[in-house]
Structures are given as C-alpha cells and as structure tokens.
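Here's a quick briefing on a strand and its neighbours, plus some ring pairs. Have a look at the model first.

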Amino acid sequence: MKSETLVDPQLLQDLVDANHILFNEGVVDAFGHVSVRHDKRADRFLIARNMAPALVQADDIHEFDFDGNLTADDSRRVYLERFIHGEIYRARPDVAAVVHSHSVSVVPFGAVKTATLRPIFHMGGFLGDGAARFEIRDFAGDGTDLLVRDSHLGAALAKTLGNANAVLMRGHGSTVVGPTLKHAVYRAVYTEINARLLAAALRLGDVECLSPREAAAAMKTNEEQVERPWALWKQRVRST
C-alpha cells in the first residue's frame, strides 16, 4: 500500500476482505468503494485506488487526508468520490469506516419521495426511524452527473447523514457508516437486504416497521455479534 505512516497489517487485510465481501454479497459490483480510518492517524483514511472492489489487493490501498489528497506519491488513478469518505470522517469522529454503493434494492428508495427506508426486521435496526435522503440538486443544480466530486458536495452529504448510520442518494445509491470496518460492512449488507424485504412487503399492503425503540434494541443485540457474519462472509470469499 501507499502510506506515509505504518498501518496495522490486520486492518489492511480486513480492508481487502471488506472489498471482496461487499462484492460477494451483492452490495457493490464494478463500482462502489469502502474505506477505513487510519488506525494511527485519525485525520487520514485508507481506500483502494480506482478499481473494481473484487479485484482489490493490499498493494492497491492508498492513504488520503480529509481533503482527498494522497499522502504518498502514486500515479495510479483514484476514486472520483473519495470526498464522500473524507468529509464524513471530518464531520463524524465516531465513524471508523464508510461504504458507498449502488446496491440495486436501495436505489428506488432514494428516488421515490414518498418512500422511506425504515427497518422492517431486526437485522435492519441500525436504520433507526429511516434513512435520510440526499438531493444533490439542492447543492449543485440539476445538471450534474450525480457524483460527489468535491469537498463541497462531500460536506453536504455528511450534513444530510447527520448522526445517522445510512443516507440515500437520489438517482445514485447510498452511503453507510460504522464504528468499525466490520460494522460498516454488516450495515451495508443488511441495508440491501432490508430494502429488498421492505419493497416486497409494500406490495402486500400496509407495513409494520420497527419502532425507534425496537430498532435501537435490535441494533445493540445484533451488532454485539458482528464477528459472526464477518467470519461467514470471509469464508465464502475465500472458498470461491
């Protein structure tokens, strides 16, 4: 990896695994990205170079500051939307990892104004009383390519996220955060699953979603066991 400060090798390997898991679980495809806050420099983050997540290896990881600048010389292309990550880390000291994806079941909830992505089952408890919705037109007009290409848009997205765990991006996808890399991956996977289940339930009739108190209690119970799905997902990746 390209870094000016030594990184814990296990954190680096976990970031590689996170890229592969998110692809294997259907959250990312050729696009999307996951980052983690540097374990020794809280003002830096680690993310792969501009490439498909399933192909990421340790040597592909870059170190960035929150302004989206590389901290070591490297001529390889970087992700256009690295500003999503930098500005969320700047705004949220409690966040240690960020996943940005275009997972297919989530995208419709960002496009339909009357739809709210709320937790329909206990595994989605981290969604609380519903994911916020980022409208890029409010900050850059209606002629953009919908990408968060600079710090201004990254800061606007971080503000919309607020203290929540997930934010929808109209016409684009979503961004999910967590207190650890494993939590962020867990939340990204179950954001997609929750969206799939909620869309199916809405076709049947009125949906009884979790109350905010149920969501909080379910999140606490499930996220104390995050190593359980992580071990399974990692084994799936390594056996394929």
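Strand 6 (residues 166-169) is covered on both faces: Ala166 and Leu168 are buried on one side, Val167 and Met169 on the other. Buried here means under 20% relative accessible area, exposed over 50% and partly exposed in between (1.4 Å probe, protein chains only). This is a predicted model, so to speak with cut-offs: local features need pLDDT of at least 70, side-chain atom pairs count only at pLDDT 80 or more, and totals for chains, interfaces and linings use all residues. Residues are numbered from 1 along each chain as its sequence is written, and side-chain values use heavy atoms, without hydrogens and water.

**Strand partners**
- Strand 6 pairs with strand 5 (residues 132-134) in the parallel sense, over three bridges; pairing takes at least two DSSP bridges, and strands are DSSP E runs of at least two residues, helices H or I runs of at least four, numbered from the N terminus.
- Arg133 has Leu168 in strand 6 as its bridge partner.
- With strand 7 (residues 173-178), strand 6 pairs in the antiparallel sense over four bridges, and Val167 stands opposite Thr175.
- Three residues separate strands 6 and 7 in a hairpin, where Gly171 in the turn has a positive phi of about 70°.

**Aromatic rings**
- There are eight aromatic pairs, counting Phe, Tyr and Trp (six-membered ring) with centres within 6.5 Å; planes under 30 degrees apart are stacked, over 60 edge-to-face, the rest tilted.
- Phe121 and Tyr190 make a tilted pair, 6.3 Å centre to centre with 50° between the planes.
- Phe121, Phe126, Tyr186, Tyr190 and Trp233 form one aromatic cluster.
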